[in-house]
Amino acid sequence: LTEAETVAFLADDRTATFVAFSGPEPVGFVYANELYRRHTFLRHLCIYEIGVSERHRNQGIGQALLDAVGDHARSRGISQGFVITNASNVAASFLY
């Protein structure tokens, strides 16, 4: 993606992006997209990607990021969300 495309993606109000910091250092992020269900016209939030730096894992950062996404969804009137991961991704399965 070009820088302009990245800026446009992040500026889209259907995209929620949260970054966790330890002092000035970014140590985790999550982004989610608001999706409309074609059959019901309900909106869902899809957690598209989450990451926490290895040395900051198991400190509650991932959970705090998911909590921020949940708060954001509720503030927009969205009550349902989903995430897709592989069963082999043990860390993600544990977090979700």
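A residue is taken here as buried when its relative accessible area is under 20% and as exposed when that area is over 50%. By this criterion, 27% of the 96 residues of the protein chain count as buried in the structure described here, which is a predicted model. The accessible surface of the protein chain comes to about 6800 Å², and carbon and sulfur atoms account for 55% of that surface. Taken along the principal axes, the box filled by the C-alpha atoms is roughly 40 × 35 × 25 Å.

The protein chain contains three helices and four strands, which follow one another along the sequence in the pattern α-β-β-β-α-β-α. Among the contacts in the protein chain with a separation of 6 or more, 42% are made by residues 24 or more positions apart.

The four strands form an open sheet with the order 1-2-3-4 and mixed pairing. Strand 1 (15–22) and strand 4 (80–83) stand at the edges of this sheet, and because each has a single partner strand, one side of each is left without a neighbour in the sheet. From one strand to the next, the twist averages 25°. Strand 1 and strand 2 run antiparallel and are joined by eight bridges, with serine 22 standing opposite glutamate 25 in strand 2. The hairpin formed by strand 1 and strand 2 has two residues between the strands, and within this hairpin glycine 23 takes a positive phi near 65°. The pairing of strand 2 with strand 3 is likewise in the antiparallel sense, over nine bridges, and here glutamate 34 has leucine 45 of strand 3 as its bridge partner.

Helix 2 packs on the sheet, where it touches strand 1, strand 2 and strand 3, and its direction makes about 160° with that of strand 3. This helix has 15 residues and reaches 21 Å from its first C-alpha to its last, a span close to the 21 Å expected at 1.5 Å a residue. Its buried residues are Ile61, Gly62, Leu65, Leu66, Val69, Gly70 and Ala73, and these residues pack against helix 3 (90–95) as well as against strand 1, strand 2 and strand 3. Just after helix 2, glycine 77 takes a positive phi of about 80°.

In soluble globular proteins, nonpolar side chains tend to be buried together. In the present model, the largest nonpolar core comprises 13 residues, of which Leu45, Ile47, Ile61, Leu65 and Val69 touch the most other members. At least two residues of this core are supplied by each of strand 2 (25–36), strand 3 (43–52) and helix 2 (61–75), and helix 2 gives the most, with five residues. When neighbours within four places in sequence are left aside, valine 69 is in contact with Phe18, Val30, Ala32, Leu45 and Ile47.

The C-alpha atom of alanine 87 is separated by 19 Å from that of asparagine 58, a residue 29 residues apart from alanine 87 along the chain.

Note on methods. Residues numbered from 1 in each chain as written. Predicted model: local features only at pLDDT ≥ 70, side-chain atom pairs only at ≥ 80, totals over all residues. Heavy atoms only, no water. Core = buried A, V, L, I, M, F, W, Y, C linked by side-chain atoms within 4.5 Å. Buried < 20%, exposed > 50% of the residue type's maximum accessible area, 1.4 Å probe, protein only. Contact = heavy atoms within 4.5 Å. Pairing = 2+ DSSP bridges. Axes fitted to C-alpha atoms, helices over the stretch in contact; angles between N-to-C directions. Areas by Shrake-Rupley, 256 points an atom, 1.4 Å probe, with all protein chains shown as cover. Expected span 1.5 Å × (residues − 1).
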